[in-house]
Amino acid sequence: MLTETVMFASESNAIEGIAVEERNPLGTPHSRMLGGTEESWCKALGGGTGITILAMLFSESVNPSELQEVVHTVQRTHPRLRSQLVWIDGRPAFSVSPHPYVEVQVVDSVSTSEILCEISSPSVSNPSGEKSSSDGINAENDNSSSHTDSEEEGLSDWQYLVEHELNTNEWSDQSDFQIPKDMFIARFYRLPRGYSLAILRLHTSICDRASAATILTEMLEAFYEKKYGHPHPKKATNSQTEKNGCHEENLNFMAIEDAIPRGQANKPFWAHGVDLLGYSLGSRRHANLPFEDPNSPRSSQIVRLCLCSEGTARLENLCKTEGTTMCGALTAAGLKATAVLKELGNRWEHYSVITLVDCRSLVGNSLSDHSVGFYHSAIMNTHHINETVDFWELARQCSNALDTSMRNRKHFTDMSDVNFLMCQAIQHPYLTPSSSLRTSLIVVFEGPMVDEMDELKRAIGLEDYMGCSSVHGVGPSLAVFDTVRNGALDCACVYPASLHSRKQMQTLINCMKSILIGAAKI
């Protein structure tokens, strides 16, 4: 592939002069060994799970040098984004550069065409050979409920490029090395009709979903300032960082385990053993979405689920009326759709659901809302369902189970247990059904990201964007990355192919959408 690299001479020496010491890879204040959750993500990335993507589609030509400056602006603010990875005596460590190091890779139009020809074969990815408008250039504005759920929905070119980046793994090597490996890669694609595509690829241990939202906001604000010569009137990010400087950087570089308030994660040793046994035995009875091809090499693919703003508002209001949440509704829709696809009828099955909880607001003053890193915790619950179960009853069951787990501090006390079980599945895949490495049916987030930046996006020509992470190593059959954009629900749904086909998952997502529309009476 032909690429050109944009770099500035004053910042091209990001990793020169790095001295690696026994357990401290750098002499800088921010260097440290990874925490338990961060180290688990390193192990998961060996198999392909945990590549985080933030893609921005611009309806106008963007100068790559401007993208380079914007990326460096964000890197300067967050030490985690200047982190590089080294392995020392079998353990990973953060090696933090004092300077921004990312060099934007510009992919020329010829290489872009070659990538698209290679990965977007209609016979493989889109049986109908057509492109649905809801997955086109401007999915944000095409949330019409008139879109039929039975259509085969294709992907636009830019989303194929997102999938390509989602399956490009820089971090599969788990051996000892002392030359720092970048944890943040930026690429720029020139597309037809003057469109531009910027894709950031990040190691999940330095970037969870909330971090990606912070990075997106800060980058858009930086683009605005470069274009108009002054900050955006509603600029709201980083005010605390700008005030406190290095203090805020030190605050934001701790591992999630170190941020938990004293005593909140305490659990007797015997209780850890009991819970691990319970999780292990419980997983043996969990059902799964049918596997179509468990033996072929895997990759992560994406299907989008969108509702119009009116339908989203109605669904949110009904969630409040019915005593549940959007998380409960999405989880219930995924479970019900699975039961419909499997034609369960009155037959009951157990399904595992993992909910990711953003812990920033739960650890006191240890972290700010804009701390970049991985600060989510996973809560695992099991639900017993059949095809006839009432949707709102199931949604309440899902949200109540999550509330109970959080009241019992499971997001803190079970953090190490869940990490251990994930690592065991990685090391012993035969313990999972058909050696599929599936640990749950679905992964959802406690609440959607809310995007009210419509004015800012229009001002800089941002047509669409997407943020998600790969799941084709250890993980669920479906991971739902939900955002409410200008009042409309937009979910990037990621699944492992060829374990599941695009046709199978599109059918599942269409069914989920139909269930949500029916429940909200849209």
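Predicted model: local features only at pLDDT ≥ 70, side-chain atom pairs only at ≥ 80, totals over all residues.

Q: At what angle do helix H11 and helix H17 pack, and how far apart are their axes?
A: Helix H11, which covers residues 309–321, packs against helix H17, residues 502–520, at an angle of about 70 degrees, and their axes are 9 Å apart. Because angles of 65 to 115 degrees count as roughly perpendicular, H11 and H17 are described as roughly perpendicular to each other. The crossing of these two helices is left-handed.

Q: Which residues of H11 and H17 meet?
A: From H11 come Gly311, Arg314, Leu315 and Leu318, and these meet Leu516, Ala519 and Ala520 of H17. Sorted by class, the contact of H11 with H17 has 5 nonpolar, 1 polar and 1 charged residues.

Q: How is a pair of aromatic rings described?
A: Such a pair is described by the distance of the centres and the angle of the planes. In this model the count comes to 5 aromatic pairs. For phenylalanine 391 and tryptophan 392 the ring centres are 4.9 Å apart and the planes stand at 75 degrees, so this pair is edge-to-face. Phenylalanine 391 is buried, with a relative accessible area of 8%, and tryptophan 392 is buried as well, at 10%.

Q: Is alanine 44 buried or exposed?
A: Because buried means under 20% relative accessible area, alanine 44, at 2% relative accessibility, counts as buried. Alanine 44 lies in helix H1, residues 36–45, and, leaving aside residues up to four places away in sequence, touches Thr49, Met422, Ile426 and Val474. The C-alpha atoms of alanine 44 and glycine 475 are separated by 8.9 Å, although the two residues are 431 residues apart along the chain.

Notes:
Residues numbered from 1 in each chain as written. Heavy atoms only, no water. Axes fitted to C-alpha atoms, helices over the stretch in contact; angles between N-to-C directions. Helix = DSSP H or I, 4+ residues; strand = E, 2+ residues; numbered from the N terminus. Parallel < 35°, antiparallel > 145°, perpendicular 65-115°, else oblique. Left-handed = near helix turned anticlockwise from the far one by under 90°. Contact = heavy atoms within 4.5 Å. Nonpolar A, V, L, I, M, F, W, Y, C, P; charged D, E, K, R; others polar. Phe/Tyr/Trp six-rings, centres within 6.5 Å; stacked < 30°, edge-to-face > 60°. Buried < 20%, exposed > 50% of the residue type's maximum accessible area, 1.4 Å probe, protein only.
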